[in-house]
Amino acid sequence: MSTVLHVTVSKGLGGVPEVVRTETRHLDEYGVQACWLETIAGGPARDAAAVLHRALYGDDRVTVDPAALTAALDSFVAEHRDRVVDAARHADAVVLHDPLPLAFAPLVAGRGRRVLWRCHIGHCGQSVSADAAQAMLVPLLDHIDHIGFLRGAYLWDALADDPRCAVLPPPLDDSSDKNRPLTHAEHTWMADRLLTTGYLNGGGRIVTGRSYLPEPSSPYLVQVARWDPLKGHDPLLVGFADLAAERPDIQLVLLGPHIDVQRNYPISLEIWKALHDQKNALPDRTARRVHLWQFSPVARPIEDRAVNMIQRRARAVSQNSIREGFGLTVTEAMWKEKVVVGTPVGGIADQITHQVNGLLTDGTPGGWAQTAARALDDEDGRQRWGPAARRSVADRYLVRPQLLDQLTLLQLL
């Protein structure tokens, strides 16, 4: 049996762990054993990860200081060197995910093993910060056999003719707790208390917040996203104030991961606090209908089933990103036949064709409110867009075809 080693900075936060969990669940079907090494970034390395992520998204509000970032990467490698080398010793292939683990490339290359770097971040257009970050990382790619980007449009200029590059969008696992059909009993068991108290019947608190839905049947819009300035929470809240004035029953749920101050980027807590301040500044009748929830540190299957239920029960799903790598939460909602209101950025533009399998918005408060209103009220459109969304995911993003492509690339079949 062949062995593939995945190396990430986290096993819990963001889309990358979701991708790895999805793929490793199915590797044994192809005679491949999976190993997964978490290399937590603390201190300067954590700050460097935040800078590199935002820079590679094309966010020119961050400053790329190559000397400081290189020093942070060197300390990160030194901290995890022995664990990485030991884990890679018996692997036939190694997959490094995102900027920080790329620094391990010189340690894991050679000995006949194939090394793939997957970049789960990207942008289109001109960006000074992205150019600087790419220039800093390109030398590390000398040790890489294959390079995977989420979209062809994200290919770096320096790699334009590089045969090592491949397009590897994140896969959706239709059999996982987050995406499988829920039985009526499961759905009811979770919804009856979780949506109104944060607790499960007979269990502990799953989501924490300062307010919950008035009734389990209350209609709501939901956005599931990490607490990040690039996820467009601010204009969404402003837009909801306009929407709420016309629809006195609709609620808004903003759901994100548990904030661990030791592991999350520091900006996550800043965003969480700023959103509460923004909510409190709304008129009271509107603020009561805005619900900011983060998950408690619960077991992954429980969290996944909760996301599944919350998405399925929503009247519509929002993804109001300013920048986006791919948008796996969009894929998940589309698979559940939900009408998604998304911005045409990153992989969201690949997934949603306006008025065919969802709705696109310009992301401004007014644009979001207008599009969200249509997602709620256009019953003829809803009957078309939801089923078309599911078909498009089935045709393009399910895990087994995606995984087969990757294993072929790594010569593990």
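In this predicted model, a pocket is an open set of grid points with protein on both sides within 12 Å along at least five of seven lines, and its lining residues have an atom within 4 Å of a point.

**View 1. The second largest pocket and the residues that line it.** The second largest pocket holds about 250 Å³ of space, and 18 residues form its lining, with His-123, Asp-131, Gln-134, Trp-156 and Asp-157 lying nearest its centre. Helix H6, which spans residues 128-137, gives the most to this lining, contributing three residues. Sorted by class, the lining of the second largest pocket comprises 10 nonpolar, six polar and two charged residues.

**View 2. The open sheet of six strands with parallel pairing.** The strands of this sheet follow the order S2-S1-S3-S4-S5-S6, and its edges are formed by strand S2 (32-38) and strand S6 (165-167), each of which pairs on one side only. On average, neighbouring strands of this sheet are turned by 20 degrees against each other, direction ignored. Strands S1 and S3 (residues 93-97) run parallel and are joined by four bridges, and within S3 the bridge partner of Leu-5 is Val-94. Helix H1 (residues 15-24) packs on the sheet, where it touches S1, S2, S3 and strand S4 (114-119), and its direction makes about 165 degrees with that of S1. Helix H3 (residues 66-88) lies across S1, S2 and S3, and runs at about 180 degrees to S2.

View 3. Not counting residues up to four places away in sequence, Thr-8 touches Val-16, Val-20, Trp-36, Leu-37, Glu-38, Thr-39, His-97 and Pro-101. The C-alpha atoms of Thr-8 and Pro-99 are separated by 9.6 Å, although these two residues are 91 residues apart along the chain.

**View 4. The open sheet of seven strands with mixed pairing.** The order of the strands in this second view of a sheet is S7-S10-S9-S8-S11-S12-S13. Strand S7 (207-208) and strand S13 (359-360) stand at the edges and have a single partner strand each, so one side of each is left without a neighbour in the sheet. S7 pairs with strand S10 (residues 290-295) in the antiparallel sense over two bridges, and Thr-208 has Gln-294 as its bridge partner in S10. Helix H8 (residues 233-246) lies across strand S8 (220-224), strand S9 (251-256), S10 and strand S11 (316-319), running at about 165 degrees to S9.

Notes
Residues are numbered from 1 along each chain as its sequence is written. This is a predicted model: local features need pLDDT of at least 70, side-chain atom pairs count only at pLDDT 80 or more; totals for chains, interfaces and linings use all residues. Side-chain values use heavy atoms; hydrogens and water are left out. On a 1 Å grid over the protein atoms alone, a cavity is a set of points where a 1.4 Å probe fits but cannot get out, and a pocket is an open set with protein on both sides within 12 Å along at least five of seven lines; lining residues have an atom within 4 Å of a point. Grid points are joined across faces, edges and corners, and a volume is the space filled by probe spheres set on the points. Ala, Val, Leu, Ile, Met, Phe, Trp, Tyr, Cys and Pro count as nonpolar, Asp, Glu, Lys and Arg as charged, and the others, Gly among them, as polar. Two strands pair if DSSP finds at least two bridges between them. Contact means heavy atoms within 4.5 Å. Axes are lines fitted to C-alpha atoms, for helices over the stretch in contact, and angles run from 0 to 180 degrees between N-to-C directions.
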